[in-house]
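Please look over the sequence and the structure before reading on.

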Amino acid sequence: MNRREIMKHLGVLPIAGSFLASESLLGNAPRGPFPINKSLFSPTQTIYEGLGIDTIINCRGTFTILGGSTERPEVLEAMEAASGYFVQYDELAFGIGRRLAELTKADWGMVSAGCAAGLKHVTAACVAGGNPEKLIQIPNLEKLDKTEVIIPRYSRNVYDHAIRNVGVTIIMVDSPKEMERAINSKTAMIYINSGKRSEKGQPLSLEKIVEIAKPHGIPVLLDAAAENLTIPCVHLERGATVVAYSGGKAICGPQCAGLLLGDKDLLMSAWQASSPHHGPGRDNKVGKEEMLGMLAAVEAWTTRDHEKEWATWISWLEEISKKMEKIQGVTTEVKQPEGRSNYAPVLHIKWNPDQLHITGDEVAEEVARNQPRIAIGSSNKEGFTSINITPNQMRPGNAKLVADRLFGILSQKRSPQSDKMAAAKVDLTGHWEVDINFLSSKSTHMFFLEQKGNWIKGLHKSDFSMQEIMGMVEGESVKLRSNYRIPGNHISYWFSAQTSGESMEGSIFLGEYLTAKFTAKRSKYSEENTPIVIPGGPPLAT
């Protein structure tokens, strides 16, 4: 790898390309004056700017970290109409459940405090079965009979924390035979994530899983968080017991709401396991405003002009594309979505980085950090680099701003970047004791490093694992990266420090888990060489 590729792995943090996403109201956000804390706002500021926070143009899609999706006007109206009144929540949940069933052709419906909360409530329902005495034991499942959840390995993901929060034991399987063997009297449910490997014809498709589970009476929960809503629900027709959607993605409901569709008895047990009822789901409270806002979003889904929305998205991508193609060496392509999740066209803007002397990662970082701020994706493949634009959460007027901003960056004349690195002034080969100060705790890790010239490789012993680490040294500046992985989860450690050769001090970028600080000292060993004599037989004394 050349220096630019190494820097991509070690020095350019993947904020814009990987973590930035979602909603932007730049240019048409609600502006003051506002009836609350007027000192924060003015007629020329958004409510966010009054707090010193930039708004961001969303060219990435419905990612939670920037707010999910734009709530429909019908949703905002319903939420406002719901406020100011009192209502008995069980009666409200029943009325909404009945109406959702009418709208979606499902047996029943329920609104949760987000899709992940819905996964938790359904899991609790499968464990407790609507029995409140069992429900309040969660997460201590010692006295309960349903304590295991089967998940195909392909479905392990960061959101199955919601399932594990109930205290169940996760049983991973890789084949139909393994699933059949895994089913026993303790099996509470089977969870799968919607995607290619759950489609018909795959070894562990939804249809195959239902075929295995149905004779045992085991519910199948399918996570379709980012999918378009299908009416009737395609997954229920394929045999799923309950399907979970995110309210704040394609459906454009409240960001803090989720939608559950499926078996009425199981969903009533899931409602029993959620707030306002006391028990393990009390911490996932959904308000009457969000409940009615979610219902309004589903109502709106049935009447929205989806073809017109799609045409609008395409027109925005064409506007950006025409501007980009004025730059010599830049090509564009609109790719159609595959599958049901994150269903939107995507514009890919591609060029040779050796010709324009800038990479897609660098462009994404530039627009992420400097105004007007834009969240875009980036990639590097087969000698070409690219950025990509997803339009489904862009707002009117955003396309021109995005096109002008990207044109200004990509049309700029640049000199080739030198791949020559400053010589390393230190050799970090050896064992290092690493003291880390997290936000509210401390840990001690270990580095086992080998250095050749500017490059470092070795091992990083973290709290629960040993993983490979790679890095680089220029002068006395060091950058290291390692990845901690367990099924469904991934944490990247990005170490940046200054070193004297015997010690290091710097910071750790932890991606979505924010940052930490660290110091490290090279381990010292005794310089005395002592011969070792190994006995030739059993000891004669102890």
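Helices, of at least four residues, and strands, of at least two, are DSSP runs that are numbered from the N terminus. The model described here is a predicted one.

## Overall make-up

The protein contains 16 helices and 21 strands, and its C-alpha trace spans about 80 × 80 × 55 Å along the principal axes. Of the 542 residues in the protein, 48% are buried. Among contacts with a separation of 6 or more, 63% are made by residues 24 or more positions apart.

## Two aspartates in loops

Asp 160 is placed in the loop that lies between strand E3 (148-152) and helix H7 (161-164). Its relative accessible area is 0%, and because buried means under 20%, Asp 160 counts as buried. The side chain of Asp 160 reaches the backbone nitrogen of Asn 157 at 3.0 Å. When neighbours within four places in sequence are left aside, the residues in contact with Asp 160 are Ile 151, Ser 155 and Tyr 191.

Asp 145 is found in the loop between helix H6 (132-135) and E3. With a relative accessible area of 41%, Asp 145 falls between the limits of 20% and 50% and is therefore partly exposed. Not counting residues up to four places away in sequence, Asp 145 touches Lys 134, Ser 185 and Lys 186. Asp 145 and Ser 185 are 40 residues apart along the chain, and their C-alpha atoms are separated by 7.3 Å.

## An open sheet of four strands

Four strands make up an open sheet in the order E9-E10-E13-E12, and their pairing is antiparallel. At the edges stand strand E9 (331-335) and strand E12 (377-381), each of which pairs on one side only. On average, and with direction ignored, neighbouring strands of this sheet are turned by 25° against each other.

Within this sheet, E9 is joined by five bridges to strand E10 (residues 346-351), and the two run antiparallel. One of the residues involved is Val 334, whose bridge partner in E10 is Leu 347. In a regular strand, side chains alternate between the two faces of the sheet.

## Strand E14 and its partners

Strand E14 (residues 430-437) and strand E15 (residues 442-452) run antiparallel and are joined by eight bridges. These strands, E14 and E15, form a hairpin with four residues between them. Gly 430 stands opposite Leu 449 in E15.

E14 also pairs in the antiparallel sense with strand E21 (residues 515-522), over six bridges. In this case, Glu 433 has Lys 521 in E21 as its bridge partner.

## The largest pocket

Rolling a probe the size of a water molecule over the atoms shows where empty space is left. The largest pocket holds about 1300 Å³ of space. Of the 40 residues that line the largest pocket, Phe 63, Thr 64, Val 158, Tyr 159 and Lys 249 are the closest to its centre.

Two or more residues of the lining of the largest pocket come from each of helix H2 (15-19) and helix H5 (115-128). With four residues, H5 gives the most to this lining.

Definitions and conventions:
Residues numbered from 1 in each chain as written. Predicted model: local features only at pLDDT ≥ 70, side-chain atom pairs only at ≥ 80, totals over all residues. Heavy atoms only, no water. Buried < 20%, exposed > 50% of the residue type's maximum accessible area, 1.4 Å probe, protein only. Polar contact = N/O pair within 3.5 Å; in protein donor to acceptor, adjacent residues only side chain to side chain. Contact = heavy atoms within 4.5 Å. Pairing = 2+ DSSP bridges. Axes fitted to C-alpha atoms, helices over the stretch in contact; angles between N-to-C directions. 1 Å grid on protein atoms, 1.4 Å probe; cavity = no way out; pocket = protein on both sides within 12 Å on 5 of 7 lines; lining within 4 Å. Points joined across faces, edges and corners; volume = space filled by probe spheres on them.
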